[in-house]
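Hi,

Here is the structure I promised to pass on. Have a look at it first, and my notes on what turned up follow below.

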Amino acid sequence: MTKYDAIVIGAGHNGLISSSYLAKAGKRVLVVDALNQAGGCASTKAFANGFHISDCAQWVHQLDEKIVKELSLEMHGLRLGEAKRTIALQSSGDHLIVDGDSLSGAGISAADKKAYKAFRRQMQVFAKLMLKLYRTRAPKMVDADWGDRMTLLSLGLGLKMMGRRNMRDMMRLVLINIYDVMNEHFEHDGLKAAIALDAITGTNMGPRSPNTVFTYIHRMVGEALGNRGVSQVMGGMGSLGGALLSSAKTQGVEVRLGEAVTRIIKTGDRVMGVELSSGDTLEAIAVVSSVDPTRTYRDLLGYRNIEAGQARRVEQYRTRSGTGKLHLALSGLPSFVGVSPDDHSQRLIIAPCMDAMEAGLNPIKYGELTSQHVFDISIPSIEDPTLAPAGQHVLTALVHYVPHELKTGWDNNESAREQLLQSLLAQLEVYAPGIRELIIASEVRVPEDFEASHGVTGGNWHHGELSIDQALMMRPFPGSTQYTGSVVGLYLCGAGSHPGGSLMGLAGKNAAEEILKQGVLS
Amino acid sequence: MSAAERKTMLLTTPFHSRVEQYCELNDWGLWQGYTTPNSYFDMELEYFAIRSTAGVLDLSPMNKYRILGPDAEAFLNRLVTRDVTKIGVDRVGYAVWCNDGGELMDDGTIFHLAEDDYRLCSYMRADDWLEWNASGFDVTINNESDDIAALAVQGPVSCTILTLIGCEGLNELKPFGIARFDFEGVEMMVSRTGFTGDLGYEVWIDPSKANALWDQLFDKGRDYLIKPIGSHALHVARIEAGFLQANVDFVPAEIAVRPGRTRTPLEMGLDWQVDFNKSLFNGRAALVKQREEGLRYRFVLLDVEGNKPAEHSFIYKNGKQIGIVTSAAWCPTAKSNLAFAQVEMPHGAVGDEFVAEIYYQRELQWTRLMAPCKVIDGPLFNPPRKRQTPAPAH
Ligand SMILES: Cc1cc2nc3c(=O)[nH]c(=O)nc-3n(C[C@H](O)[C@H](O)[C@H](O)COP(=O)(O)OP(=O)(O)OC[C@H]3O[C@@H](n4cnc5c(N)ncnc54)[C@H](O)[C@@H]3O)c2cc1C
């Protein structure tokens, strides 16, 4: 039987990036994915007749420029759209426009404009420092080895270099909530909410949840990685998967799609390989899983194959998501009041004020639907007409908050889905009257749908909540940090490992570097 | 009920009405939430009952967990450090268990009652830990601590007395074996196990029969000088027999607060309990690492000069403190002043000599004694009758 250096489970962006870096270093790598296409959550799907949508992730805002270059993704077909402005829709029709450092519209005050620049500058400093930590494995505090101490040293130095005020602020801010910080800095409710949206996106937290400044800085790392605002991927998000796949193949990575790994095979205290849904078993020195930690340990390895304390940590790892999506196929361009036709291609958000966001979170804690949602809307067919028949459009929106566990259950619960759909459309109509009449097809996606379609526990954006207790040197949980745990030869490389989720690629790259550094492969 | 009416906030065992009646000294102690006698009438005479006739100890406060289901064996095998597959049906095995850090949590006994059916007896409450351990296993775990009354009957005439109350053929039961008998229409389970290092049995029965069992034992055993024994007498017997005690000789990991206070089984002289051939058990990775990197401590049996028990003594080597005593007693049968101690590595090889700093008081006067002591290979009390089958008749 052929023996691989590494079998990577999951051909999502992190799995492919890990594979590519391992193969670049001359290793024999196989990547396997249960789905028929590569990209994982970076996927495009045909929707209604002649429409295509990014059916999971919709924006690029975090992708590492360096990885794009090193893996020649542009040569392999990756094309990012323009950097988009954020238009925060206000019920008055006088919208707030956020473009990098500058704000306009919505009667925004000079004081807010100034404060916004200062706030961003500070956040950029923090994000830059955070990026230092993101570019390498997170150092262990206890049992730190030489490499870890260097990271800590450079971090400490970085903190000091920020100056006393920044340093003090970072220590204070990182654990508190975005709600208080917004109120400290700004006057305009719409502005506060627009910023808070970036802090809560992909989490199960509200603006008043502790930790939401940390998640905001996480998002800001995207800028430090070379992104400006958000962009769409031409051809739909699946094209990112396609480019990564093509690049990986060029590096010599073997790929098997449409075959699920059913089991990670462990003999003694080490992994031997994997078993596939076809019944095939494949051997490898290392098994590198980009599947979320819960699935990896609970379902693929099995609790009975790890120590009980570790199993307990997996059980306690929080994976509940509050993120859903709305997908619409439209017979024409909708008209958002106060938005020029050209600007409909920008990022449109509906987040009137932070209190409404927080109120929207409350019902989902109890498994109920909320009637106040936060929308992050993309109409990608304007910039990329290939996504819809001529003159027609697709609209996708990230929607918060949608309960992962509905009291009445999501399974076959058409009435709850219909209720959610109607509620979302009613809220959209306030800003885009008449949008209902354009709808050719519609779909709501709740967290557990992403669990079913993309194999992500809890449908969680980050493969597990990105909160301080599950981040950095604790990601995903103690005993499984630095991309490996107690099972010899088993590595994690997905969003559930440091530095976490979004289309970024650092988890995949760092993991590959760590494996190579350990020198365990042939 | 007011506290005064309740008399005590402690729990009582199914034997309490009898225990209370026999506890002439009214010297009560605390055992995991239960009130049990430290001594009944005379600690030394109780000890001598264990060694020369039969002593009866109320074991009921012991935590008892029933583990049932197709994965019961696999579950236990991941839980404890030893190989559970080697405990046959109707056999009992001593076992210790660790957390993921390899830190000792507790020790106890595993009773293999039937296929896919075990009972785990532990010193600590283990409900949470067992529940956590059950993830991924097809097992059910029931805390049956209150559903079973248990007595230890230990000593040279224990078999004879138990035979008189209806345990026909008990003398054929091998050490660590389990046998079942009828007692007034209910099943009475008897295991040849105990904590005294002597011929002895533990008797397990429905609480409704607790009083009847006690009465019959003391009735049939009167001529054989059967005596109830308290925890103080047991303490001496177990030291003599070389048995360590959770929460005395080591701090169970669950309740240790200060860093560095826990010990691994390797550091407690329990390496014989750790089966590294098993590919997985809780703490394995940490213990493999410790085995490679070396131990911090060694658990030793000390023979201390003189007759003053070296209780809580510091242990010195060349004037430097290198250890502490965790249990100590003058052991009458072994005619030795014994102590268990934790000493820092590399000290503690058999034959190593130290000094124990012993304080004792006579009429308000404290005296400090620097007693030479020596690491010995134990246990000192190890009579053939402990192992003989059939058990010798008296
Ligand atoms: C609803 C939603 C919207 C999002 N929107 C955005 C966004 O707009 N912008 C952004 O940057 N990020 C977004 N994210 C987050 C981002 O998509 C993820 O963090 C990221 O895609 C994770 O990448 P990954 O490679 O680590 O894992 P994934 O992309 O999840 O890939 C894991 C792969 O493993 C495969 N797999 C699972 N189980 C098995 C098995 N047993 N055998 C074989 N293969 C298996 C899956 O099929 C999948 O392809 C969103 C996430 C969600 C859930």
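Predicted model: local features only at pLDDT ≥ 70, side-chain atom pairs only at ≥ 80, totals over all residues.

Where does the largest share of chain A's side come from? Helix H11 (residues 308–316) of chain A supplies it, with five residues. Sorted by class, the side of chain A that touches chain B has seven charged, five polar and three nonpolar residues.

As for the extent of the interface, chain A puts 15 residues into the contact and chain B puts in 18 residues. About 1,300 Å² is buried between the two chains, and carbon and sulfur atoms give 50% of that area. On the chain A side, the residues that lose the most area to chain B are A:Arg304, A:Glu307 and A:Ala308, which together make up 50% of what that side buries.

Now for salt bridges in general. The count over all chains comes to 46 by this rule. One of the pairs sits inside chain A: the side chains of A:Lys84 and A:Glu383 meet at 2.6 Å, N to O. A:Lys84 is in the loop between helix H2 (65–70) and strand S5 (86–88) of chain A, while A:Glu383 is in the loop between strand S14 (374–378) and strand S15 (393–400), so the pair ties together parts that are 299 residues apart in sequence.

Next, a couple of helix pairs in chain A. Helix H7 (residues 189–200) and helix H8 (residues 212–224) of chain A pack with their axes 7 Å apart, at an angle of about 85°. H7(A) and H8(A) are therefore roughly perpendicular to each other. On the H7(A) side you'll find A:Ile195, A:Asp198, A:Ala199 and A:Ile200, which meet A:Thr212, A:Thr215, A:Tyr216 and A:Arg219 of H8(A). That contact has four nonpolar, two polar and two charged residues.

The other pair is helix H3 (residues 110–134) and helix H6 (residues 178–185) of chain A, whose axes lie 10 Å apart at an angle of about 130°. That makes H3(A) and H6(A) oblique to each other. H3(A) makes the contact through A:Asp112, A:Ala115 and A:Phe119, and H6(A) through A:Val181, A:Met182 and A:His185. Here the residues divide into four nonpolar, one polar and one charged.

Finally, some backbone details. Most peptide bonds are trans, and most residues other than glycine have a negative phi. Against that background, the peptide bond from B:Met345 to B:Pro346 is cis, with omega near 5°; B:Pro346 lies in the loop between strand S17 (336–344) and strand S18 (353–362) of chain B. Another cis peptide bond joins B:Gly378 and B:Pro379, with omega about -10°, and B:Pro379 is in the segment after strand S19 (365–376) of chain B. Over in chain A, A:Asn412 has a positive phi, near 55°, although the residue is not a glycine. You'll find A:Asn412 in the loop between S15 and helix H13 (414–431) of chain A.

Cheers

Conventions. Residues numbered from 1 in each chain as written. Chains lettered and ligands numbered in written order. Heavy atoms only, no water. Axes fitted to C-alpha atoms, helices over the stretch in contact; angles between N-to-C directions. Helix = DSSP H or I, 4+ residues; strand = E, 2+ residues; numbered from the N terminus. Parallel < 35°, antiparallel > 145°, perpendicular 65-115°, else oblique. Contact = heavy atoms within 4.5 Å. Nonpolar A, V, L, I, M, F, W, Y, C, P; charged D, E, K, R; others polar. Buried area = accessible area lost by both parts, 1.4 Å probe. Salt bridge = Lys/Arg side-chain N within 4 Å of Asp/Glu carboxyl O.
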